[in-house]
Amino acid sequence: MPVPGIPVLDNLYPATMDMWPSEAKEFNRVWPFYENLKQGRLTTTRCKNCGHIAFPPRVICPECYSEDLEYTDLPTRVKVIAFSEETKGVPLGFEAPLIHAFIDMGPGSPVKKMLSRVVNCPVGKLKVGDELRLAVFEVPAMPVEKGRQGTIMVDRVFFAFEPVDQ
Ligand SMILES: [Zn+2]
């Protein structure tokens, strides 16, 4: 099931309607997070100085202010603690149902809980305690100025979770 992105404006880039992060290296200091996502890995930053792991990924440790960070993997299989299903009036660029879940990342995870979108799931199917897995999906590419190369379109991805049993 495709996941919709920016509202349809063929061959135009509607910057003001772009709800996805500018993931390119040129615009985003946490770009490795998105490169890892493209490989199916959910990661975040770990401070090499004090060991603190923060999510979402940071460029400076919120505990000790060190900039010496590295990326570490988070679980890609999680469990539903609570969820909501919007079936009407979802924001522009999204299709109903729009499902969000508060998820348990598991006992071994440095990040214990997270709020995430759930995709590839019909209304009424999700239950508390269900197992979900990471779902990385493409979102519309964005233009990046590359000097003499001109403007190139840079692929982007984002993540959600989806039911394990489909
Ligand atoms: Zn630190």
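A residue is buried if 20 or more other C-beta atoms lie within 10 Å of its own, exposed if 12 or fewer, and partly exposed in between. N120 has 15 other C-beta atoms within 10 Å, so N120 is partly exposed. The model is predicted.

**Overall layout**

The chain contains one helix and eight strands. Their order along the sequence is α-β-β-β-β-β-β-β-β. The C-alpha trace spans about 50 × 45 × 25 Å along its principal axes. The chain has 166 residues, and 16% of them count as buried. Take the contacts with a separation of 6 or more: 52% of them come from residues 24 or more positions apart.

**The three-stranded sheet**

Three strands make an open sheet, ordered β2-β1-β3, with antiparallel pairing. The edges are held by β2 (53-54) and β3 (69-73); each has a single partner strand, so one side of each is left without a neighbour in the sheet. Strand β1 covers residues 43-47, and five bridges join β1 to β3. Within this pairing, T44 stands opposite T72 of β3. Strands of a sheet pair through backbone hydrogen bonds, either parallel or antiparallel.

**The β7-β8 hairpin**

Strand β8 spans residues 151-163 and runs antiparallel to β7, with 12 bridges between them. L132 has P163 in β8 as its bridge partner. Five residues lie between the two strands of this hairpin, and G147 takes a positive phi near 60° there.

In soluble globular proteins, nonpolar side chains tend to be buried together. Here the largest nonpolar core has 14 residues; V78, A101, I103, V118, L132 and F161 touch the most other members. At least two residues each come from β4 (77-86), β5 (98-104) and β7. The biggest share is from β5, which gives three residues.

What does F161 contact, leaving aside its neighbours within four places in sequence? The list is V78, A101, I103, S116, V118, L132, R133, L134 and A135.

D130 sits in the loop between β6 (113-118) and β7 (131-145). D130 has 19 C-beta neighbours inside 10 Å; a residue needs 20 or more to be buried, so D130 counts as partly exposed. Residues up to four places away aside, D130 touches K79, V80 and P163. D130 and I81 are 49 residues apart along the chain, yet their C-alpha atoms are separated by 8.4 Å.

**Backbone exceptions**

Most residues other than glycine have a negative phi, and most peptide bonds are trans. The table lists some exceptions in this model.

| Site | Backbone feature | Value |
|---|---|---|
| F55 and P56 | cis peptide bond | omega about 0° |
| A96 and P97 | cis peptide bond | omega about 0° |
| Y65 | positive phi, not a glycine | phi about 65° |
| N120 | positive phi, not a glycine | phi near 55° |

Where do these sites fall? P56 lies in the loop between β2 and β3. Y65 is found in the loop between β2 and β3 too. P97 belongs to the loop between β4 and β5.

Is Y65 buried or exposed? Y65 has 10 C-beta neighbours inside 10 Å, so Y65 counts as exposed.

Definitions and conventions:
Residues are numbered from 1 along each chain as its sequence is written. This is a predicted model: local features need pLDDT of at least 70, side-chain atom pairs count only at pLDDT 80 or more; totals for chains, interfaces and linings use all residues. Two strands pair if DSSP finds at least two bridges between them. Helices (H or I, at least four residues) and strands (E, at least two) are DSSP runs, numbered from the N terminus. Two residues are in contact if their C-beta atoms, placed from the backbone, lie within 7 Å. A nonpolar core is a set of buried Ala, Val, Leu, Ile, Met, Phe, Trp, Tyr and Cys residues joined through C-beta atoms within 7 Å.
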